[in-house]
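Got the viewer open and ready to click around? Here is a short tour, one selection at a time.

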Amino acid sequence: MIDTIIIILAALGVLLCYQIYTKKKSPKPMVCPLKADCSTVLKSDFSTLFGIDLIWYGFAYYSVIALSYTSTLIVPELHVPLFYNSLVAISAGAFLFSMYLTAIQAFKIKSWCSWCLTSALLSTLILICSLIKIGL
């Protein structure tokens, strides 16, 4: 059951990344449900890492998590602690990076992006579910 929840959360993350990607490429300004200026955040100097748009890191993270947990449903041999602990480590890294990016929004950019905050929430929920999965 928890695997399915994680797969759904990760799939939502992939869809969210796609939404941000398409809106970011559009000439129209992004609509932000928080009445903030998402474009300021998404087009800031902090929107890339090593010259790569952060959206691609999000796509990669959510895809790896979705595919990994889907694989555990198909291949029972993957039900080993090392596999799940690796997924927890990846999710912990994504959570910490999301918290860093949230702090950047608050203290450096001084603007909020609700789409980015939603991604941070998804990565937090995935980490919590992953920790539950391994029994922590």
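Select Ser98 and Ser123 and show their side chains: a polar contact of 3.1 Å joins them. (A polar contact is a pair of N or O atoms within 3.5 Å; within protein, one must be able to donate a hydrogen and the other to accept it, and residues adjacent in sequence count only if both atoms are side-chain atoms.) Keep in mind that this is a predicted model, where local features need pLDDT of at least 70 and side-chain atom pairs count only at pLDDT 80 or more, while totals for chains, interfaces and linings use all residues. Residues are numbered from 1 along each chain as its sequence is written, and side-chain values use heavy atoms, with hydrogens and water left out.

Stay on Ser98 for a moment. Its relative accessible area is 12%, so it is buried (buried means under 20% relative accessible area, exposed over 50%, partly exposed in between, with a 1.4 Å probe and protein chains only). Leaving aside neighbours within four places in sequence, Ser98 is in contact with Ala120 and Ser123, where contact means heavy atoms within 4.5 Å.

Now widen the selection to the helix that holds Ser98, α4. (Helices are DSSP runs of H or I with at least four residues, strands are runs of E with at least two, and both are numbered from the N terminus.) Select residues 81-109: this helix has 29 residues and reaches 40 Å from its first C-alpha to its last, close to the 42 Å expected. That expected span is 1.5 Å times one less than the number of residues.

Which residues of α4 are buried? Color Tyr84, Leu87, Val88, Ser91 and Ala94, which are among them, and carry on along the helix to Ile104, Gln105 and Ile109, also buried. To see what covers the buried residues of α4, show α1 (2-25), α2 (38-42), α3 (54-74) and α5 (114-133), which are included in that cover. Just after α4, click Lys110, which takes a positive phi of about 60°.

Next stop: the nonpolar core. (Such a core is a set of buried Ala, Val, Leu, Ile, Met, Phe, Trp, Tyr and Cys residues joined through side-chain atoms within 4.5 Å.) The largest one has 30 residues, and Ile6, Leu42, Ile65, Tyr69 and Ile126 touch the most other members. Each of α1, α2, α3, α4 and α5 supplies at least two residues of this core, and α1 gives the largest share, 8 residues. Pick Ile6: not counting residues up to four places away in sequence, Ile6 touches Ile65, Tyr69, Ile126, Cys129 and Ser130.

Time for charged pairs. How many salt bridges are there? The count comes to 2, taking a salt bridge as a side-chain nitrogen of Lys or Arg within 4 Å of a carboxyl oxygen of Asp or Glu. Select Lys133 and Asp3, whose side chains meet at 3.1 Å, N to O. This pair links helix α5 to helix α1, 130 residues apart. Lys133 is partly exposed at 30% relative accessibility, whereas Asp3 is buried at 3%.

Then select Asp53 and Lys24, the pair that meets at 2.6 Å, N to O. Asp53 lies in strand β2 (residues 52-53) and Lys24 in helix α1, 29 residues apart. Both are buried.

Last, show the cysteines. The structure holds 0 disulfides, a disulfide being a pair of cysteine sulfur atoms within 2.5 Å.
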